Amino acid sequence: MYKRKNQTSPQGETARILVEFMEVAITSIVFLKGVYSPGAFERRRYMNVVAHKARHPQLSAYIHDSLTGLLPSIEKGLVERVAVVFFDKENIPVERFVFKLTVNQSYDSEVEQTDLEFSLKSFLTKLSVSESLTKVLPRDCRWQIISYFQSLPQFTASTGAELWIPTDIQQWQQPPLITPIKSMSSEPLVRGVYCRRDYFLGQQEG
């Protein structure tokens, strides 16, 4: 399943697998946070783990297109983090779940299917039972996917990366309370991928 394809670099295959994995993980986060009714999702299996897929075409397309647009930059090691951010009705960030990415640019071997599947399955299993995902969000909240680049990439019409726009850094000036959820390391996929919950000071729970 994950063996290196002809003429595909380890970094390219790594990026493809990581984007596919994050699409499943982010959909699961949105489902578990209860932003939409359960009927907006359907149960699927990914790597023999129960996951959820968005049934609404626009929701599915937003997640898929946002991550696919990052594929060239992830392959080059330009993307540092990808976050799912939840905002209250005043547009203040309440929670964010962060995937920190470090793609090994020097790796030059085939992807080991067994090790990779074990790491990703472990991550998804932990995510589905995380206490952080049971926290209730404010009413009328919204969410979006945000990426953090080590440097601004050169966007072209062919990459789809032009969907990404700079964010307002003032939103992140207050210190968060960080709850680690899961870390993983599986060469050559990534080193130190983890998802965390940032609960911002001054926000009321419930």
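Which residues do ring pairs link into a cluster? Select Phe21, Phe99 and Phe123, and you have them on screen.

Before going on, a word about what you are looking at: this is a predicted model, in which local features need pLDDT of at least 70, side-chain atom pairs count only at pLDDT 80 or more, and totals for chains, interfaces and linings use all residues. Residues are numbered from 1 along each chain as its sequence is written, and side-chain values use heavy atoms, with hydrogens and water left out.

**Stop 1: the aromatic pairs**

The structure holds six aromatic pairs. Rings of Phe, Tyr and Trp (its six-membered ring) pair if their centres lie within 6.5 Å; planes under 30 degrees apart count as stacked, over 60 as edge-to-face and the rest as tilted. Start with Tyr36 and Phe41: their ring centres are 6.4 Å apart and the planes meet at 45°, so this pair is tilted. Tyr36 is partly exposed at 34% relative accessibility, whereas Phe41 is buried at 6%. (Buried means under 20% relative accessible area, exposed over 50%, and partly exposed in between, with a 1.4 Å probe and protein chains only.)

Now return to Phe99 and Phe123. Their ring centres are 5.9 Å apart with planes at 35°, so they too form a tilted pair. This pair links distant parts of the chain, since Phe99 is in strand β4 (residues 93-100) and Phe123 in helix α4 (residues 113-128), 24 residues apart. Both Phe99 and Phe123 are buried. Helices (H or I, at least four residues) and strands (E, at least two) are DSSP runs, numbered from the N terminus.

**Stop 2**

Select residues 10-32, which make up helix α1. At 1.5 Å a residue, its 23 residues should span 33 Å, and the end C-alpha atoms are 32 Å apart, which agrees; the expected span is 1.5 Å times one less than the number of residues. Is α1 enclosed or open, and why? Of its 23 residues, 19 are buried, so the helix is largely enclosed by the rest of the structure. Just after α1, click on Gly34, which takes a positive phi of about 70°.

Next, show the largest nonpolar core, which has 39 residues. A nonpolar core is a set of buried Ala, Val, Leu, Ile, Met, Phe, Trp, Tyr and Cys residues joined through side-chain atoms within 4.5 Å. Phe21, Met22, Ile26, Ile74, Val82 and Phe99 touch the most other members. At least two residues each come from α1, β1, β2, α2 (57-68), β3, β4, α4 and β5 (142-149). Helix α1 gives the most, with 11 residues. Apart from this core lies another, of six residues, among them Ala83, Val85, Ile146 and Tyr148.

**Stop 3: a hairpin**

Colour strand β1 (residues 41-46) and strand β2 (residues 49-54), which pair in the antiparallel sense over six bridges. Two strands pair if DSSP finds at least two bridges between them. Pick Arg44, and you will find its bridge partner, Ala51, in β2. The hairpin has two residues between the strands, and Met47 there takes a positive phi near 55°.

**Stop 4: arginines over rings**

Select Arg81, in strand β3 (residues 79-87). Its charged end sits over the ring of Tyr148, 4.1 Å from the centre. A charge sits over a ring if NZ of Lys or CZ of Arg is within 6 Å of the ring centre and within 35 degrees of the ring normal. Arg81 is buried, with a relative accessible area of 19%. For a second example, go to Arg142, whose charged end sits over the ring of Phe87, 4.3 Å from its centre.

**Stop 5: two loop residues with positive phi**

Most residues other than glycine have a negative phi. Asn91 has a positive phi of about 70° although it is not a glycine. Look for Asn91 in the loop between β3 and β4, where it is partly exposed at 32% relative accessibility. Asp140 likewise has a positive phi, of about 60°. Asp140 is in the loop between α4 and β5, and it is exposed, with a relative accessible area of 60%.

**Last stop: Leu71**

Finish at Leu71, in helix α3 (residues 71-75). Leu71 counts as partly exposed, at 26% relative accessibility.
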